[in-house]
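The stops below are given in the order in which to select them.

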Amino acid sequence: MTTTSMEQIRNWIDGEWVASTGTETETVPNPATGETIAYVPLSTTKDVDHAVKVAKKAFETWADVPVPNRARFLFTYLQKLQANKEELAQIITMESGKTLTDARGEVQRGVEVVELATSAPNLMMGDALPNMASGIDGSIWRYPLGVVAGITPFNFPMMVPLWMFPLAIACGNTFVLKASERTPLLAGELVRLFHESGFPKGVLSLVHGGKEVVNGLLEHPDIKAISFVGSEPVAKHVYETGTKHGKRVQALAGAKNHAVVMPDCHLEKTVQGVIGAAFGSSGERCMACSVVAVVDEVADAFIELLVSETRKLKVGDGRYEENFVGPLIRETHKERVLSYIDSGISDGAKLIVDGRKMEDEPAVGYYLGATIFDSVSKDMKIWQEEIFAPVLSIVRVKDLGAGIELTNQSKFANGAVIYTASGKSAQTFRDKIDAGMIGVNVNVPAPMAFFSFAGNKASFYGDLGTNGKDGVQFYTRKKVVTERWF
Ligand code: NAD
């Protein structure tokens, strides 16, 4: 790793690694072992100003680089990411704790967004209508916005930053990234490989830190748009503050994703699907399944198989293939999750798999085994709030209508999945469910890069999601020309 020393991470501004002007740092542990792997600086608004100034200057020339030439830089970047896939996955596992299998999947999903961004010449094309009135032509043209900033969460240190800067930069913007202070190392690698792809300096900057950097970006007069992904309260704050300061904002937030299990589902595949969606990445996914609404008729059979399969899952360091559930991101997060488990018990839910009791519990690291509650109801905190851990709630419902009604009572509406063999049930689910991303017998229905990605209700603040056509619209402004020539 050449971007950082293991002692002190630096920012990337104006084509070089520079020390933050902040005096405070945060320790970055490996969640699997608790060992310190780095110290991340809590940068200041002075660092933000520096990065934005450089990005503003770089925009003057970057926006004029012909679109196919911008795309060519991204082709080089794509090759570099592909050539470093395994190293990138290992860094993700080291700093986030997710298993290597999950990390490899994340790397692939990130690379796919860069593939999308290489199509910038197609994506940025406008529209034209000749002779729309006598002798008059009409056309729409797309232009970049200027300096754009991205603020990202810990749980996808590669994929989420790549949802943002490659497309924004392909569209002619320059970009300032504020990665999660809990997973800062991978961001450094993304920036290093970007620089090695030949992009001019100032096109991409990286400023590490927490709240002060976020608020500095939200209030900065020279930033035109903010892309945010993180928890719901922060997304709301980012949206309100950013828009108040005249910026375009897309803020993707938290979730409480439901799966509805119908009596005609394929039982074994459904159980395996729910296990992958609920306990994969230790449940630290915005698209994790955290509630199953199972129809009474199949409930006992489904739960019996789910419990016996869940008990087979191994908990431990994600570097080793036999482990399915890795650690949680921090000890403090684990404590919060344990208090949710206590609240589920005291609210009367039935704890049918207790992840606090692990066979061969690792001596170090922040582990919690897969946990399942039965007989959960919607007045319980464990149904209402995002736990962000391998904790699954089961609610028994009488039919599809009741499953849909329950799901739509959540304040969140990110993803939702139905397991069924009936086209009609699937169609009804698709039409009636509030969620923005829907799966039919697909466990984690995260859209691929050429579709846009965003939820509804409290899972999303804004109008245009990330990726796909939404992403291009978000990072460009339009001009409509009406012209007549004599
Ligand atoms: P988080 O909200 O704690 O942090 C996200 C970013 O906001 C970080 O860069 C952090 O430094 C910054 N931040 C945190 N607190 C802040 C504050 N008070 N003021 C200003 N900035 C602040 O989120 P996290 O724990 O890193 O990530 C997990 C969350 O992200 C979950 O809620 C998950 O559902 C959500 N998420 C959503 C999506 C989606 O597509 N909807 C994708 C991934 C993660």
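The model is predicted: local features need pLDDT of at least 70, side-chain atom pairs count only at pLDDT 80 or more, and totals for chains, interfaces and linings use all residues. Residue numbers start from 1 along each chain as its sequence is written.

Select residues 17-481, which UniProt lists, in an unreviewed entry, as "domain: Aldehyde dehydrogenase". UniProt positions are in the numbering used here, feature names are shortened, and annotations may be inferred rather than shown by experiment. Over residues 17-481 the chain is 41% helix and 22% strand, with the end C-alpha atoms 43 Å apart. Helices (H or I, at least four residues) and strands (E, at least two) are DSSP runs, numbered from the N terminus.

**Ligand.** Next select the ligand and its shell of 28 residues, the closest being Pro153, Gly230, Ser231, Gly254 and Cys286. A residue is near a molecule if its C-beta atom, placed from the backbone, lies within 6 Å of it. Helix H8 (211-219) and helix H9 (232-244) each supply at least two residues of this shell. The shell divides into 13 nonpolar, eleven polar and four charged residues. Here Ala, Val, Leu, Ile, Met, Phe, Trp, Tyr, Cys and Pro count as nonpolar, Asp, Glu, Lys and Arg as charged, and the others, Gly among them, as polar.

Cys286 is in the loop between helix H10 (267-279) and strand S13 (289-295). Is Cys286 buried or exposed? Cys286 counts as buried, because it has 27 C-beta neighbours inside 10 Å. The cut-offs are 20 or more other C-beta atoms within 10 Å for buried, 12 or fewer for exposed, and partly exposed in between, with C-beta atoms placed from the backbone. Leaving out residues up to four places away in sequence, Cys286 touches Gly254, Ala255 and Asn414; contact means C-beta atoms, placed from the backbone, within 7 Å.

**Strands S18 and S19.** Select strand S18 (residues 415-419), which pairs with S19 in the parallel sense over four bridges. Two strands pair if DSSP finds at least two bridges between them. Ile418 stands opposite Val440 in S19.

**Three-stranded sheet.** Now show the open sheet with the order S5-S6-S22 and antiparallel pairing. Strand S5 (127-133) and strand S22 (476-484) are at the edges with a single partner strand each, so one side of each has no neighbour in the sheet. S5 and strand S6 (residues 136-144) are joined by four bridges, and Asp127 stands opposite Ile140 in S6.

Select Thr21, in the loop between strand S2 (16-18) and strand S3 (25-29). Thr21 has 14 other C-beta atoms within 10 Å and is partly exposed. Apart from neighbours within four places in sequence, Thr21 is in contact with Thr44, Lys46 and Asp47.

Move to Asp360, in the loop between strand S14 (350-353) and strand S15 (371-374). Its phi is near 50 degrees, a positive value in a residue other than glycine. Asp360 is exposed, with 8 other C-beta atoms within 10 Å.

End at Lys457 in strand S20 (residues 456-457). Phi of Lys457 is near 50 degrees, a positive value, and Lys457 is partly exposed, with 16 other C-beta atoms within 10 Å.

Methods:
Contact = placed C-beta atoms within 7 Å.
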